[in-house]
Amino acid sequence: MKRIILPLLALSISIYGMAQAPAIIPEPLKMETSNGKFELPEQSTISFKGNSPELAAIANQVKQKLEQATGRSVSITPGGEGTILLQLLPKADTTLGKEGYRLSVGDKKITIEANQPAGIFYGVQTLWQLFPAAIESKTPIKDANWTIATTTITDKPRFGWRGLMLDVSRHFFTKQQVKDFIDNMVKYKYNMLHLHLTDDQGWRIEIKSLPRLTEVGAWRAERVGRWGDWSKPSPDEPKSYGGFYTQDDIRELIQYAKDRFVTIMPEIDVPGHSMAIVAAYPELSATPGNYQVNAGERFMIWPGNGHFYGLIDNTLNPASEKTYEYLDKIFTELAQLFPFEYIHMGGDECYKGFWEKSDAVKGLMKKEKLANMDEVQSYFVKRVGKIIASKGKKMMGWDEILEGGIAPGAAVMSWRGEEGGIKAANMKHNVVMSPNQYTYVDLYQGDPIAELPTYGSVRLKKSYEFNPVPKGVDPQYILGGQANLWSERLHTVRHAEYMLWPRAFSIAESVWSLPEKKDWNKFIQKTETHFKRLDAADINYSRSMYDPIFSVKKTSDSTFQIILDKEIEDLDIHYTFYEVFPDSHYPVYKQPLEVPRDAVNLRVITSRNGKIIGKMITMPIEELKKRAKIK
C-alpha cells in the first residue's frame with residue numbers, strides 16, 4: 001500500500017503545487033509562471049532608470065494606485081533599486097518594438113523594461129492584472145493578501161491602432177466621464193480614442209469662429225423613453241439637454257490621454273448626420289427650412305437591407321461654397337487643437353434624396369460633369385480632403401467615402417462589414433477595421449427579449465472572432481482595429497459600461513494578441529476572473545454570455561420546436577413551461593423542446609455545477625411563434 005500511496009501523494013503535491021497561469025487580457029506573447037511568490041512589503045519603493053519625464057509620470061501613477069488600493073506607504077527613488085523597477089533599455093531590443101515590454105516578478109523585486117515609455121506603461125497594466133482584484137479598489141483594502149506569483153512575461157502588440165470609439169454626440173459625456181473612459185480602456189492596452197463629436201443630436205466642440213455651433217447645436221429638447229419613438233419638439237420648447245467641450249477642455253483631455261499613451265482622433269461627421277450644424281446655420285442646407293437639433297424623434301426610415309431614406313434633410317449642401325468656407329473654419333481650429341495626424345470626416349449614411357431635388361446640386365453636377373449622387377458625395381469628400389490636407393492633416397472616413405471614387409490619400413474605417421476595408425486596402429489605402437458584425441458594442445449581446453433595446457446583435461463569442469486582417473489582404477495597409485460604442489440608446493455611464501464590458505475584452509485581445517494566442521475557452525475563464533476586477537472597481541458589465549441562445553424550427557403550419565444553445569459549454573440550461581421561476585432543480589435542456597398546448601411562457605436560467613449563474617429569462621410563446629413565422 002505504501003508503494004502505491006506515496007507516489008500518488010507526490011503526484012498530488014506536484015499537481016496542486018503548480019502555479020496557475022495568471023488571467024491576463026489581452027493574452028501576452030510569452031508568459032511563464034513558477035511556484036514562487038512576491039509579497040508587497042509594507043513600505044515599497046518605485047525606482048526608474050532612463051532620462052524621461054514620461055517614466056517619472058508612470059512611476060507616480062504606480063505609486064498613486066498602490067497607495068489608493070493598499071493604504072500602504074510607497075516612495076519613488078529615481079535611478080535607485082526599488083521594489084518595483086521601471087527601466088528603459090540602454091540598447092534597443094528590436095524584438096519588443098515601440099510598445100513591447102518585459103515583466104519579471106521575482107521573490108523580492110519586480111522589473112519592467114522596454115525600449116520606450118509606452119512599453120513600460122503597458123507592462124504596468126499587465127502588472128496590475130497579476131495582483132488580486134482588490135488592486136482596482138478606490139479605497140484601501142488593508143486585509144487583502146498582496147501577493148502575486150513569480151512570473152516572466154515578454155509581450156508586444158500585433159497592431160499599432162487599438163481603438164475604441166465613444167459617441168459623445170447622441171449622449172453628452174462630461175469631461176470627467178471621458179477621463180474615466182480613458183482610465184478604463186488603457187487597462188486593456190487600448191491606445192486610440194475616437195471621439196464622435198458631431199451628429200444630428202448635438203455638436204460637442206467649441207469652434208470660436210462659428211459660435212452658434214455650440215450656442216444652438218449643442219442643445220436639444222430633453223426626452224425620456226425609447227429612442228426613436230420620442231415626440232418632435234416644438235420650435236419654442238426649451239432646449240436644455242446637452243453640453244460641449246471648450247477648447248481648453250479638449251486640450252486638457254488630449255494631455256490626460258497622452259499621459260496614458262492614448263491618442264485622441266476627432267470626428268466631424270459630414271455631409272450627412274449634420275442636423276446640429278444646419279440647426280445652427282440653416283444656410284448650409286440645400287433644402288430651405290427651419291431646423292432644430294434632433295431630440296431622438298424618428299426622421300430617418302430604415303426599411304432593411306441597408307436602405308434608408310430621410311423625412312428631413314440632415315445633409316450639408318455640396319453645391320454651396322459657403323459649406324466649404326465653414327468647414328475650412330472648423331477644420332482649421334480642429335487641426336490646431338488635435339496633434340494626431342488624422343481627422344475623421346464621417347461620410348456615412350448620407351441620404352441624397354434631397355440633393356436630387358436641389359437645383360443647386362443639379363447645377364453642380366452639370367458644371368463638374370458628375371454622373372450620379374455617389375459622384376456628388378465623392379466631390380464633397382474630395383473637397384473636404386483638400387481642406388484637411390491644407391491643415392497638414394490626413395483624412396479618414398467611414399467606408400462610404402469609397403462610393404463615387406475615394407479621395408487621394410484618404411484612410412478608410414470599414415464598418416459595413418469587411419468589404420470596404422478589403423477594397424480600400426487593395427487600392428493601397430490605409431484601413432482601420434471596425435466591421436459592425438464583430439465590433440459594434442452598442443448592440444444586443446444576448447436575446448433581445450432580455451436585453452436593453454437596440455437594433456442588432458453581437459454576442460461575446462462573435463466579437464471574439466474578430467480578426468482585423470481579412471484573408472487575402474496585404475497587412476501593411478491594415479492599421480489595426482476598433483470597437484465602436486454608439487450612444488443613441490445610452491443615457492448613463494452605467495448603461496455604457498454594460499454594453500462595453502466584456503466585449504471590449506475580446507476586441508482588445510483581437511488587436512493586441514496574435515491569432516494563434518487566442519483561445520475561446522481560456523478567454524472565458526479569464527473574463528470571469530476580470531468580472532471580479534470590475535466589481536472591485538465598481539464598473540458595470542454584462543453577464544449575457546451565460547444566457548441561452550434561442551432559435552426556432554418550424555415543423556408544420558402551426559407547430560415549431562424550440563432550440564436552446566449556449567456560448568459556454570460547461571453550463572446547464574434549466575427550463576419550465578409552468579408559470580414559475582426555475583432554478584437548478586428544474587429540468588436540464590437536452591434536446592429541442594415541443595411547446596405544450598396551453599403554455600404561455602418558456603422560462604429559462606443557466607447554472608454551473610448546481611449554482612445559478614445566468615439571469616432569469618421569460619420568453620413568451622407568442623414571441624417564439626413570430627420568430628417561427630406562425631400566425
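**Entry 1: A411**

I began with A411 and found this residue in strand β19, residues 411-414 (strands are DSSP runs of E, at least two residues, numbered from the N terminus). A note to myself: this is a predicted model, where local features need pLDDT of at least 70, side-chain atom pairs count only at pLDDT 80 or more, and totals for chains, interfaces and linings use all residues. Residues are numbered from 1 along each chain as its sequence is written, and side-chain values use heavy atoms, with hydrogens and water left out.

Is A411 buried or exposed? A411 is buried, because its relative accessible area is 0% (buried means under 20%, exposed over 50%, partly exposed in between, with a 1.4 Å probe and protein chains only). Leaving aside residues up to four places away in sequence, I saw A411 touch Y342, M395, M396, G397, I401 and N430 (contact means heavy atoms within 4.5 Å).

**Entry 2: the cores**

Next I looked up M345, which is among the residues with the most contacts inside the largest nonpolar core, a set of 154 residues (such a core joins buried Ala, Val, Leu, Ile, Met, Phe, Trp, Tyr and Cys residues through side-chain atoms within 4.5 Å). The residues M345 touches, not counting those up to four places away in sequence, include F331, M395, M396, G397 and I401. Another core lies apart from it, with 18 residues, F550 and L564 among them.

**Entry 3: two helices**

Last, I checked helix α4 (residues 175-186) and helix α6 (residues 247-258): they pack at about 15°, their axes 10 Å apart (helices are DSSP runs of H or I, at least four residues; axes are lines fitted to C-alpha atoms over the stretch in contact, and angles run from 0 to 180 degrees between N-to-C directions). That makes α4 roughly parallel to α6 (angles under 35 degrees count as roughly parallel, over 145 as roughly antiparallel, 65 to 115 as roughly perpendicular and the rest as oblique).
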